[in-house]
Amino acid sequence: MTKLAMFYRPLLSPFVCPRSAADFYPCRGYHFRIPELRRGLSVVAKSRNKELILGNPSVTVEKGKYSYDVETLINKLSSLPPRGSIARCLDTLKNKLSLSDFSSVFKEFAQRGDWQRSLRLFKYMQRQIWCKPNEHIYALVIGILGREGLLDKSAEIFDEMSAHSVPRTVLSYTSIVNAYGRNGQYETAIELLDRMKVERILPNILTYNTVINACARGGYPWEGLLNLFGDMRHEGVHPDLITYNTLLSACSTRGLVDEAHMVFRTMNDSGVLPDITTYRYLVETFGKSGKLEKVSESLREMEAAGNLPEAMSYNVLLEAYAGSGKINEAMNVFRQMQAAGCMPNAGTYGILLNLFGRHGRYDEVRELFLDMKVSNTEPNADSYNILIQVFGEGGYFKEVVTLFHDMVEENVEPNMETYEGLIHACGKGGLHEDAKKILHHMNDKGLTPTSKVYTGVIEAYGQAALYEEAVVAFNTMNEVGSSPTIETFNSLIHSFARGGLYKETESILSRMNELGVSKNRDSLNGVIEGYTQAGQFEDALQAYVDMEKMRCDPDEYTLEAVLSVYSFAGLVDECERQFTEIMELGIQPSVTCYCTMLAMVTNRGSTAHQVMGKMIKGDLDDSSNWQMVEYAFDKLSSEGCGFGIKFYNTVLEALWYMNQKERAARVLHEATKRGLYPELFRRNSYIWSVDVHRMWPGGACTAISVWLNDMHDLLTNGEEPPQLASVVVVRGMMEKNASSRDFPVAKAAYALLKDVSPPFLFPGWNKGRIICQKSQLKRLFSKTKSPTDDSESFRTRATNATNATSKRLNSELIAGGV
C-alpha cells in the first residue's frame, strides 16, 4: 500500500497562499506538476501504542438496539479471538447484510474504541464482492483510526480508495482532514484542504470547521485563521455557530479583545444566534483585559437588534462579576436582564445568592430569595444548597434547619449535597437534636449517609459534650460501610479535647494508627488543646514538638493553642514570646489571643477587638452600649461552637482574674443564650449540677458562682433542696483517677467551693465530681432563713470567697504553678 500522497512544501507559509493554475493544470502549455509523496507520516504524528483487545463473550450489544442480524454479527465479532476467522463469523450472514448494516457495526465498534476489529472487518470487506465498502464505510474507518491517533493507517485507507475504484468526495476528505486535525497536524489538514480544491471537490462547513479548529488549537497566526474564514465565505460556505465559537476561543486564548468584538458583531450581522459557549469565550477574553463592560455592550446590541439573549447568556457575565466580588456590577447586569424582559432563572438567583452570602450581606440574601419566590422562579435543590451553605457559614444554624423544612414543604427533593451541608451546619452550631432528626429522615428515605454526614453528626454531639452519642455515631458509621475520613477523626479529637478528655484523644490517635490514617495539623491542634485543658502541659508542648518533627507547619490555631498552654501554666515570659512570635509571623492575633494575654486593646483595626477591649474595661456596661457587645458576639457566632467555646473561655478568664465578676456572669449568660455549654446547668428533683469540665478556671469559677447564687435564691424562696448538688470538673476515663484533682479546672473549682462552702468535697466513687449532700445543703443555707439574718449574707460570703480565691490563684500563677 502506498502512503497518502500529499503536497510537499519545503517551507510552510504561515498563511494559505493561493497557487496559480500553472502549478496544477496542464492546459494552455502548462506542465502538470506531480506532487511529491509525503513519506513516513508516522514521523510527523506517532501513533499511540494500542493494546490488542481480546475477544470477550461477555461484551454483548444491547438487545433491540440494532436488527437481529447486526446484533448477531457484533456479538460474534466481539467474542472473536485475535486470530479468529472473520469469514466464519459472516458465513450465515452472507448476502443478508447491507452496507448500511455494516455501517452500524462500525459505529458500535467506534463507540467502544475497538479499532482492531474494525480494521480486520474492513480488510475482509475489501476482498469481497457482495459487501465491497463504499465511501461512507471508508470515511467511518478513517475516522475510527484517526480517533485512536493511527494516522499512518488512516492515510493508507484513504490512498486505497482509488485502487478500489471508490471515488473520493467531500465526505472522505473531511474524514481524513478531521483525523489529522484532531491530532494537532494542522499543516497537513491545510494541505488536504488545498488538495480538495485542486481536485475540484468543494469543502463543506464541517471541513472548514475542522481545519479552522485544528489551526486555532495549533497556534496558527490570527491572520491565517481570518484567511480561512474569508475563503469559506468566498466559496459560499456560510459559517455557523461552531465556526464563530472556534474563532472566539482563539481570541480568548490569545487575549485578542478587539478581534473578539469584531467576530461577535459579524456573527450577529450574519444572523447566527450565540449560545452559552459564545458568552463564556467573550467573558474570558474581556475579563482577562479588565473590560467586562464590553460584554454588557454586546448584550445590549443584541437586545437592540431584537435578538433577546437567553438567561444563561446573562448568567455567564454574572458569574464573572461574582467571581471577582463585584456586587454593584453584578446587580447592574441583573437589572439589565430584567429591563430587557428576560426572566431570571434559578441559576441567576443562585449566583447572586452566593455572591451576597460570601460578603456577609445576609439581609440581601433573604430579600433575593423572597424576590425569587414572588417572581414565580421555582427554587431548585441547587438554590437551597446555596442558601444552606451561605447561612451555615454565616452562623445562622437554626435558619438552615428552617430552610430544610421549607424545602420539604415545597416538594423540592434534597440531594446528598443538601444533607451534607445541612448536617455540617448542625455540627458547627451544636444542633445535635436536629442533626439526629435529619439522619433519621435520610434513613427513612433509604439513603446511606456519607462520611461527611456522619462527621457532622459527630461534631454536633461533640459540641454538646455528648461523648457517648458521638462514639455511637462513629461506630454506626463503620457498621453501614461509610469509612471515616481524617475529618471524622479530627471531629472526635476536638470533641474530647474541649473537655480535657485526653485519654480518649489518645485512644483515637491509636485507632488512626491502626487504620493507617495519618495525623495532620488539625489533629495535633486538638491534641494540644486536650492536654492543655487537662493540665498536661508537658505533653501539650511535646505534641507541638512532634508537629515540627512531622514537618507539619503550625497555623494560627496551633500558635494560639501553645499560647494557651503557657497561659494555663502561668509562664508569663513564654506567653509574651509566643505572642510576639505570632505578631512577627504577620498573623493578626485573634480576640482569643488578646483576651488570653489580658490585653486592653482598643485600636487593633477589628471591630470585635475594639468592642472586647472596651467591654473588659467596663465602658459598655449600660444597656444601650451592651447591645454593641451582643452584636459582636453574634458576629463571632458564625465561627461555630468550637471557636465559640474557646473564645468565651478566654474572655471569662480575663474578666474573672481582673475581679470583674458581674461582667463575667453577664458574658456567661450571653454564651449560654447562644447555645454554648448546653451541659452547664442541670436541675431535677434528685440532683442540681453545674458541668464546668469544658471551661477554663476563670469561666468555671464564674459558672459556679452563678450556680450557687441561683441555688441560694431557689432555697430562700422555699424550693426543696435536691438530694445531691454536684460540680462536674472532669469527664471520661480520668473520672476514676485521683490525679484528675490536679486538672486546672478541678483545682480552681475546689478552691472556690472550699472558701464558700466547706461541705463540698470529692467523693470516693468519682474523682471528677465535687458534691454536697442534701443535709449539708440545708445547713449551708439555713442562716438565710432566719428573719434576723440579712438575705444577702450568703452572696456577701460568696463574693468575699471568690475574691480570695482569685487572689490566691493569681499568686499561684505568678509563682509558676496552677
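A salt bridge is a side-chain nitrogen of Lys or Arg within 4 Å of a carboxyl oxygen of Asp or Glu. The views below come from a predicted model.

**View 1. Lys-65, Glu-108 and Arg-112 form a network of salt bridges.** Side chains of opposite charge can pair when their charged atoms come close. The count for the model comes to 21 salt bridges.

**View 2. Helix 19 packs against helix 20.** Helix 19 covers residues 362-374 and helix 20 covers residues 381-393. Their axes lie 11 Å apart at an angle of about 160°, so the two helices are roughly antiparallel. The crossing is left-handed. Helix 19 contributes Tyr-362, Val-365, Arg-366, Phe-369, Met-372 and Lys-373 to the contact, and helix 20 contributes Ser-383, Tyr-384, Leu-387, Val-390, Phe-391 and Glu-393. By class, the contact has eight nonpolar, one polar and three charged residues.

**View 3. Arg-366 and Glu-399 meet in a salt bridge.** The N to O distance is 2.9 Å. The pair links helix 19, which holds Arg-366, with helix 21 (residues 397-409), which holds Glu-399; the two residues are 33 residues apart. Arg-366 is partly exposed at 27% relative accessibility, and Glu-399 is partly exposed at 25%.

**View 4. Lys-373 and Asp-406 form a salt bridge.** Their closest N and O atoms are 3.0 Å apart. Lys-373 lies in helix 19 and Asp-406 in helix 21, so the pair ties together parts 33 residues apart in sequence. Asp-406 is buried, with a relative accessible area of 18%, while Lys-373 is partly exposed at 30%.

**View 5. Lys-398 and Asp-434 meet in a salt bridge.** The N to O distance is 3.5 Å. Lys-398 is in helix 21 and Asp-434 in helix 23 (residues 432-444), 36 residues apart. Lys-398 is exposed at 55% relative accessible area, whereas Asp-434 is buried at 14%.

Note on methods
Residues numbered from 1 in each chain as written. Predicted model: local features only at pLDDT ≥ 70, side-chain atom pairs only at ≥ 80, totals over all residues. Heavy atoms only, no water. Axes fitted to C-alpha atoms, helices over the stretch in contact; angles between N-to-C directions. Helix = DSSP H or I, 4+ residues; strand = E, 2+ residues; numbered from the N terminus. Parallel < 35°, antiparallel > 145°, perpendicular 65-115°, else oblique. Left-handed = near helix turned anticlockwise from the far one by under 90°. Contact = heavy atoms within 4.5 Å. Nonpolar A, V, L, I, M, F, W, Y, C, P; charged D, E, K, R; others polar. Buried < 20%, exposed > 50% of the residue type's maximum accessible area, 1.4 Å probe, protein only.
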